[in-house]
Amino acid sequence: METFSISSRLADLSIHGRRLRSSSDELERYYDLLSGGEKAIANRFATDELRERATLSRGFLREILGQHLDIPADRLEFEMGDKGKPRMKPPLIFFNLSHSADLVVVAISRTTEMGIDVEKIENHRGHEEIAREYFTTAERAYLRSLSEAERVATFYRFWTAKEAVAKSHGEDLSFALKVDITSEAPHSRTEYWNLFGVFALSVAIPGEY
Ligand SMILES: CC(C)(COP(=O)(O)OP(=O)(O)OC[C@H]1O[C@@H](n2cnc3c(N)ncnc32)[C@H](O)[C@@H]1OP(=O)(O)O)[C@@H](O)C(=O)NCCC(=O)NCCS
């Protein structure tokens, strides 16, 4: 798997992903797509690996948007929301991006804002600590009612869904704290995938909070 695309059942949303590794030719091609500001940001990273990740993820975003809009990828312009959510200028299409480990994913839609979050699934990380700090009482109670195996899978579904909802609103982590994935209340619509048994992926369309 180097690149992949998934259609969501939410609106006209589609998801495009790729591994964050490439040949030097491809890296150069992606670098050439970046604006001066994006190159400066990528170059500020301390290691080759981080510089390459920044270049590939922004280059991939430009490539996907360029293909869907039929506009040369290096001509696209972006602006930033108050809390750092990038969007197109002018708003020709909605998008959001997430990366984890060596994977980048981009969600796009012509009709709706959205948020996307991907996390590499790790069995040994401090799930309970994260749940204690960021999950609601109802989410923690739900997790406790599950078997150990189900708990890890559900933890990642909740975590990525909470982040995707926060990102759909262009908000930050503090917003994710008030999102209760177990609640029936009218909130954002979300969809979840387990990718290749390795990554948890959620997308969300904003609802009322
Ligand atoms: C943006 C944020 C909401 C998510 O960050 P993250 O999970 O670390 O990183 P992701 O890879 O999923 O997303 C980063 C991308 O989202 C986009 N982004 C940045 N700010 C955003 C915002 N406020 N809303 C939506 N998208 C945003 C950017 O494209 C960014 O990529 P870039 O820096 O390469 O341009 C971050 O501000 C945050 O608060 N992270 C908290 C993580 C955490 O501890 N979660 C605990 C469990 S609930």
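Predicted model: local features only at pLDDT ≥ 70, side-chain atom pairs only at ≥ 80, totals over all residues.
**Stop 1: the ligand shell.** Select the residues around the ligand. There are 23, and Gly-84, Lys-85, Ser-98, Lys-167 and Leu-173 come nearest. Several elements give two or more residues to this shell: β5 (94-100), β7 (115-120), α4 (127-134), α6 (148-168) and α7 (173-176). Now colour the shell by class.

**Stop 2: the domains.** Colour domain 1 (3-112) and domain 2 (117-205) separately. Each of them supplies at least three residues to the shell around the ligand.

**Stop 3: helix α6.** Which element gives the largest share of the shell? Select α6: its share is 5 residues. Then look at what α6 lies across: the strands β7, β8 and β9. Relative to β7, the helix runs at about 150°.

**Stop 4: the sheet.** Show those strands as a cartoon. The 3 strands make an open sheet, ordered β7-β9-β8, with antiparallel pairing. β7 and β8 (189-195) are the edge strands, each pairing on one side only. From one strand to the next, the twist averages 15°.

**Stop 5: the β7 and β9 pair.** Zoom in on β7 and β9 (residues 199-205). Their antiparallel pairing extends over 6 bridges. Finish by picking Ile-116, and look opposite: Val-203 in β9 is there.

Conventions. Residues numbered from 1 in each chain as written. Near = placed C-beta within 6 Å. Helix = DSSP H or I, 4+ residues; strand = E, 2+ residues; numbered from the N terminus. Domains from an automatic or database assignment. Pairing = 2+ DSSP bridges. Axes fitted to C-alpha atoms, helices over the stretch in contact; angles between N-to-C directions. Contact = placed C-beta atoms within 7 Å.
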